[in-house]
Amino acid sequence: MRESHPGTCPACGSEIRIVHHRLDIPPHFPDLLLVSIACDACGYRHTDTIILGGEGIPVRWTVRVEEPGDLAIRVARSTTGKIEIPELGLAVEPGAACEGFVTNIEGGILYRFEQAVETVLADPESEDERAAALRMMETIAAAREVAFPFTVTLEDPAGNSALVSEKAEKVLFDPGDA
């Protein structure tokens with residue numbers, strides 16, 4: 001179900017529309033709320049995911065990507081979620097400009113890492129940085145082909161993120177130990 005409500009832009013005070021979209025993604029959570037805000041006047045944007053009825057318990061999801069079909073595993077990440085692929089040495093940390101999203105491992109996670117590396121390639125600080133970025137692009141391309149197994153970890157102290165797959169393992173954790 002999609003609903004739209006009027007609101008005020010937190011950046012410039014202009015009138016905006018706040019869009020709520022409820023998704024049903026069984027078996028892990030019956031109600032996922034996507035909240036999207038966009039201001040035409042100043043360009044402010046914000047997106048987040050909220051698990052309705054969730055207990056807000058810190059959670060760490062882990063899945064091993066071993067075959068091409070695993071790239072389609074759904075990822076629901078809130079603004080408090082951290083995504084990591086240890087084998088690649090890559091992580092997306094939550095921050096002030098962080099947005100929530102629902103995507104999959106290939107199109108959303110690996111693609112986002114590629115975009116970040118392309119930003120480095122657009123203006124490298126040194127030839128060594130350029131060479132390292134090119135090697136990382138090759139490694140990400142190999143991961144997209146599942147040329148080697150790798151692990152995706154999604155950690156969320158607010159409990160509003162998930163890896164949606166029978167293969168995914170869910171563990172509760174203490175954010176102080178993270």
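## Surroundings of Val-146

In this predicted model, Val-146 touches Val-65, Glu-66, Glu-67, Pro-68 and Leu-71, leaving aside residues up to four places away in sequence. Val-146 belongs to the loop between helix 2 and strand 10, and with a relative accessible area of 14% this residue is buried. One of its contacts, Pro-68, is 78 residues away from Val-146 in sequence, although the two C-alpha atoms are 6.0 Å apart in space.

## The largest nonpolar core

The largest nonpolar core comprises 29 residues, and those with the most contacts inside it are Ile-105, Leu-110, Phe-150 and Val-152. Two or more residues of this core come from each of strand 5 (59-65), strand 7 (82-85), helix 1 (105-122), helix 2 (127-144), strand 10 (150-156) and strand 11 (162-164). In soluble globular proteins, nonpolar side chains tend to be buried together.

Not counting residues up to four places away in sequence, Ile-105 touches Leu-110, Phe-150 and Val-152, and its other contacts are Val-63, Val-65, Asp-70, Leu-71, Ile-73 and Val-75.

## Cysteines without disulfides

The structure holds zero disulfides. For Cys-9, the closest cysteine sulfur is in Cys-42, and because the two sulfur atoms are 3.7 Å apart, they are too far from each other for a bond, given that a disulfide requires sulfur atoms within 2.5 Å. Cys-12 is likewise in no disulfide, the nearest cysteine sulfur being that of Cys-39, 3.7 Å away.

With regard to accessibility, Cys-9 is buried at a relative accessible area of 3%, whereas Cys-12, at 39%, counts as partly exposed.

Definitions and conventions: Residues numbered from 1 in each chain as written. Predicted model: local features only at pLDDT ≥ 70, side-chain atom pairs only at ≥ 80, totals over all residues. Heavy atoms only, no water. Core = buried A, V, L, I, M, F, W, Y, C linked by side-chain atoms within 4.5 Å. Buried < 20%, exposed > 50% of the residue type's maximum accessible area, 1.4 Å probe, protein only. Helix = DSSP H or I, 4+ residues; strand = E, 2+ residues; numbered from the N terminus. Contact = heavy atoms within 4.5 Å.
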